[in-house]
Amino acid sequence: MVFEPPKRLVRALGETAPDGDDWLEKLPDTVQQAVALRELTVERVQVPGGRSSLVVLVRAADGTPAVLKLAPGRARPEAERAALAHWAGRGAVQLLEPFSAEGVLLLERLHPDVSVRSLPEAKALLEAAGTLRRLWVEPPADFPFETVADRTGRQAEAMRARAQADPEVAPLVGPALAAREELLAAPPEHRLLHGTFRQSKVLGGERMPWLAVGPDPVVGECAFDLARLVRDRVEDLIAQPSGAATTRRRVKRLAESLDVDQERLRGWTLFRAVESGVRAGRVGRPRDAELLLEFASWL
């Protein structure tokens, strides 16, 4: 199999590992070995694909359609495997191999070009929220996942450093960090969370109409997971004259529909939007940074 990794993946990996590594260099051989070991037939590489993994549409020896997913260690593919195994297909894509080579996942084939993002906005939010609810389960004993406190702790350090280097972001970084401290003081529950949930992470399926893909699992409170969904289609929100009011109504509606405390959801939405905006600015995506920080200013 001869291919070039999708440009989106190459660009994103350059942001997370600016000094480079050898994962992309070894990727063609890794794919060849994974395909040969499982006697798979390759149909095509999914393009534009994701920002942290290569997705290849394949068929098993018996003709069953499947997906071969390969990711570098910094994308935490083994945590993804553990979460998918724990969910066992309930609300999420089915893991077809419980154990395999590190960084290689064989998954149930969904409809890769059909996500809930293709639905009208109100319907998309409803279907996405229903999918997310099914994922919020008790984590396994001795879970191998990081916690919300750990993940956001690393992010908070990077945000403080950026605020010192760029005083323009400091007025938003301060409240975001304060919200994090308050939220972590008394979390209402600890659940296994998707970690990076949004509309594009919910694809059409055969077993169920919609199933989640691509988790970066973490253990913590449900409001943290829901916070990323609040800002979906942020570019559309920014373009609306009533974007700020629409955002506040979305926070209220999603909190009520999933029995999440509205103020906790607002707080985590603020933190996650500011963190993403600061990170976008740091890695050279000024337009994304501008959108996210304007969105955060509405909360």
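Visitor: What is the relative accessible area of arginine 76, given that it counts as partly exposed?
Guide: The model is predicted, so local features need pLDDT of at least 70 and side-chain atom pairs count only at pLDDT 80 or more, while totals for chains, interfaces and linings use all residues. Residues are numbered from 1 along each chain as its sequence is written, and side-chain values use heavy atoms, leaving out hydrogens and water. Buried means under 20% relative accessible area and exposed over 50%, with partly exposed in between (1.4 Å probe, protein chains only). Arginine 76 is partly exposed because its value is 29%.

Visitor: Between which two elements is arginine 76 found?
Guide: Helices (H or I, at least four residues) and strands (E, at least two) are DSSP runs, numbered from the N terminus. Arginine 76, whose phi is positive, near 60°, although the residue is not glycine, is found in the loop between strand S3 (65–70) and helix H3 (77–87).

Visitor: Is aspartate 142 buried or exposed?
Guide: Aspartate 142 also has a positive phi, of about 50°, without being a glycine, and its place is the loop between helix H4 (121–135) and helix H5 (148–165). Because its relative accessibility is 77%, aspartate 142 counts as exposed.

Visitor: What is the radius of gyration of the protein chain?
Guide: This radius is taken over C-alpha atoms, and the globule rule is 2.2 Å times the number of residues to the power 0.38. With 299 residues, a compact globule would have a value near 19 Å, so the protein chain agrees with that rule at 19 Å.
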